[in-house]
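This report describes a structure for a reader who has not seen it before. The sequence and the model come first, and the description follows.

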2 protein chains.
Amino acid sequence: MATLRDIAHAVGVSVTTVSNVVNGRPNASPELRARVLAAAEELGYRPNRAARAMRTGRTSTLGLVLPDLTNPFFPELAQAVENTARSAGLLVCLIDSQSRPEGEADGFALLMQHRVDGVIWCPLGATTPPTLKDFDKPIVLIDRPRAGYDVVQSDYAMGGRLLAAHALATGHTRIGLLSGPHGVESARQRRDGFVGAHPDSLEIAWEINVDFDGTLPPEAVTALTRRRSATLVVCGNDLIAISAIRCLAERGLRVPHDVSVTGFDNIRWTDLVTPRLTTIAQPIGAIGAKAVEVMLERMSGTAHVSRRTIFDVALVTRDSVRPPRRG
Amino acid sequence: MATLRDIAHAVGVSVTTVSNVVNGRPNASPELRARVLAAAEELGYRPNRAARAMRTGRTSTLGLVLPDLTNPFFPELAQAVENTARSAGLLVCLIDSQSRPEGEADGFALLMQHRVDGVIWCPLGATTPPTLKDFDKPIVLIDRPRAGYDVVQSDYAMGGRLLAAHALATGHTRIGLLSGPHGVESARQRRDGFVGAHPDSLEIAWEINVDFDGTLPPEAVTALTRRRSATLVVCGNDLIAISAIRCLAERGLRVPHDVSVTGFDNIRWTDLVTPRLTTIAQPIGAIGAKAVEVMLERMSGTAHVSRRTIFDVALVTRDSVRPPRRG
DNA sequence: TATGCCAAGTGAAACGTTACACTACAGAGC
DNA sequence: GCTCTGTAGTGTAACGTTTCACTTGGCATA
């Protein structure tokens, strides 16, 4: 693989000058510049980022630490992060902790050894990996705020309120809640946004906490199938909603004919399942892109206080909600 | 950030010795070894991989180049690759080309600059990015074989045969084919496996090539809704199958009552959509892990001829196929 | 006693790049 | 003719690691 020195030798000029030329710095006549670039092209020169990193202390590399790529929120996020980062010349190094704290810790340790310039992190829970203690590069959080960190997330409470308004508008007043897991901030915000919006008009018939991956515990199944207990089931995310719909269908209850259901996230599949799901869309791609932007600002040293970016969400009405039958 | 020299200075010993100790090489008395390790711990030493890379020429880094993370095949693959690589001490650098050849080319260029030790690549199509010309590190292909490369994939032809057998067993003989994209090897293998299995018993009523992301062109919609043209629609993957089911439902045709449908891949959602999809399961996680293993063998220099690893697949029968109605 | 060998450790060079201080020369201004 | 300034370019020292050839002393063997 050709180095600066090879080019310098070929053109008969100093290494410094070649470095200047290939990095677009001044101090070279146009004619010489052309010769150097020609030689670089000829020899197939690719700058060695590792060497550059050692000299400059910056690797042009970003860590992306996620809990679980098989949750469909994250691939879309990862795609946006990777593409935005790449167009800024940064390579994204992926860590998927498989929802295991040790995975998170190992991943951070590896990223630190590689001296990534920053980490975009969707934390697993409230704990901080011990390996992270003396990490002195910027960190941007996704979705889960913490004191002292930049964070980028959606306005989940707003999503809850939009759903509440939609429930009222379509005539539902007895609500079942399949909320996300207890203790997860984003689940809490969704739930509280809904419940707090119209406390006098909406009656919460029952509420059950469910994992975001959509597996329904027996009590959820019982609640779902108790006829008349609720006319609308508001779910913590789309996976839960899809599971609920299937659970209902298996027991002879049709959505939205017998019961209405809403999701949250607007993952791709909401548009492909039957019935198509009414849900809350959050701009996942924009969140990923923004996280990278915030990171770039941090990296460029324009340091402010930690900043919180919150994106609006939107109601997407499809086929899984219709006015309740009289009875 | 502490360096080998800092430790050497603290312990009063040479840099070489510290390097030997932290890398577990011999040539140090147990007692000295202990002192060095204590100092390393004390100072929070993390080896600088960039510096090591420059000296050794190896970065302990792997590229993973994918067409589209929002296709649910890939997150599962990426997760397996990342976890297997990490447990071998390798960091995975992600490129998502968003199905654009330029993205693939840019990604490879970036990976080359970073001198990754190898690339695991699921090629977009038949073309090779120009930037890849003088890449001299090992490449392991996923899913799409090419002459001269290692490849890890499923036995797609076997999947096709299993589907054909299932079609016969459930009494279907007039088949519609929504095959994957033209020119994509894995799509061709699935299709050929099916078509070649029982050429005398199964009649291909129509065949249309469709993108793997499941968007249906108008002619596909026409074919699907032409009543009686086929009793079973065999789709190139699950996304196509799910789209087909919804397309049918929107036009008043119910699956499996009016038409049966099969998918391919057994992505997670096949179990959540209505009806649950009969499909072919491939061991995605095992494929990802194996790809890393093959890569490690290549990297360790035990070079053989290019090798092809093929995993068995299995039929998963669910609700989207039932015997055809008489008529 | 001389010889060789081993364990324990050292010093310096190199990997490819960038940053810094420097030189050489041409032209402008007085 | 002299200094001043700017342009075009050079040489060298790092960055943190590994590798290689080397030293030193002790101990076993002939």
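A search of the whole structure finds 36 salt bridges over all chains, a salt bridge being a side-chain nitrogen of Lys or Arg within 4 Å of a carboxyl oxygen of Asp or Glu. This is a predicted model, in which local features need pLDDT of at least 70, side-chain atom pairs count only at pLDDT 80 or more, and totals for chains, interfaces and linings use all residues. Residues are numbered from 1 along each chain as its sequence is written, chains are lettered from A and ligands numbered from 1 in the order in which they are written, and side-chain values use heavy atoms, with hydrogens and water left out.

| Salt bridge | Closest N and O atoms |
|---|---|
| E185(B) with R188(B) | 2.9 Å |
| R246(B) with D271(A) | 3.8 Å |

E185(B) and R188(B) are three residues apart, about one turn, in helix 8 (residues 185–197) of chain B. Helices (H or I, at least four residues) and strands (E, at least two) are DSSP runs, numbered from the N terminus.

**The interface**

Chain B and chain A each bring 60 residues to their contact, where contact means heavy atoms within 4.5 Å. About 5400 Å² is buried between the two chains, and carbon and sulfur atoms give 58% of it. Buried area is the accessible area (1.4 Å probe) that two parts lose on being put together, summed over both. On the side of chain B, L91(B), R115(B) and R246(B) supply 12% of the area buried against chain A, more than any other three residues.

The rule finds two salt bridges across this interface. It also finds 27 residue pairs in polar contact there, both residues at pLDDT 80 or more. A polar contact is a pair of N or O atoms within 3.5 Å; within protein, one must be able to donate a hydrogen and the other to accept it, and residues adjacent in sequence count only if both atoms are side-chain atoms. Among the elements of chain B that each supply at least two residues to the side touching chain A are helix 5 (73–87), strand 2 (91–96) and helix 10 (238–250).

**A sheet across both chains**

Strand 2 (residues 91–96) of chain A and strand 2 of chain B run antiparallel and are joined by three bridges. In this pairing, V92(A) has L94(B) as its bridge partner. Two strands pair if DSSP finds at least two bridges between them.

The open sheet has twelve strands with mixed pairing, in the order 11(A)-5(A)-4(A)-3(A)-1(A)-2(A)-2(B)-1(B)-3(B)-4(B)-5(B)-11(B). Strand 11 (308–311) of chain A and strand 11 (308–311) of chain B stand at the edges with a single partner strand each, so one side of each has no neighbour in the sheet. Within chain B, three bridges join strand 3 (residues 118–121) to strand 4 (residues 139–142), and these strands run parallel. W121(B) of this pair stands opposite L141(B).

**A second sheet in chain A**

Chain A also has an open sheet of four strands in the order 7-6-8-9, with parallel pairing. Its edge strands are strand 7 (203–209) and strand 9 (260–262), each pairing on one side only. Strand 6 (residues 174–179) and strand 8 (residues 232–235) of chain A run parallel, joined by four bridges, and I175(A) stands opposite L232(A).
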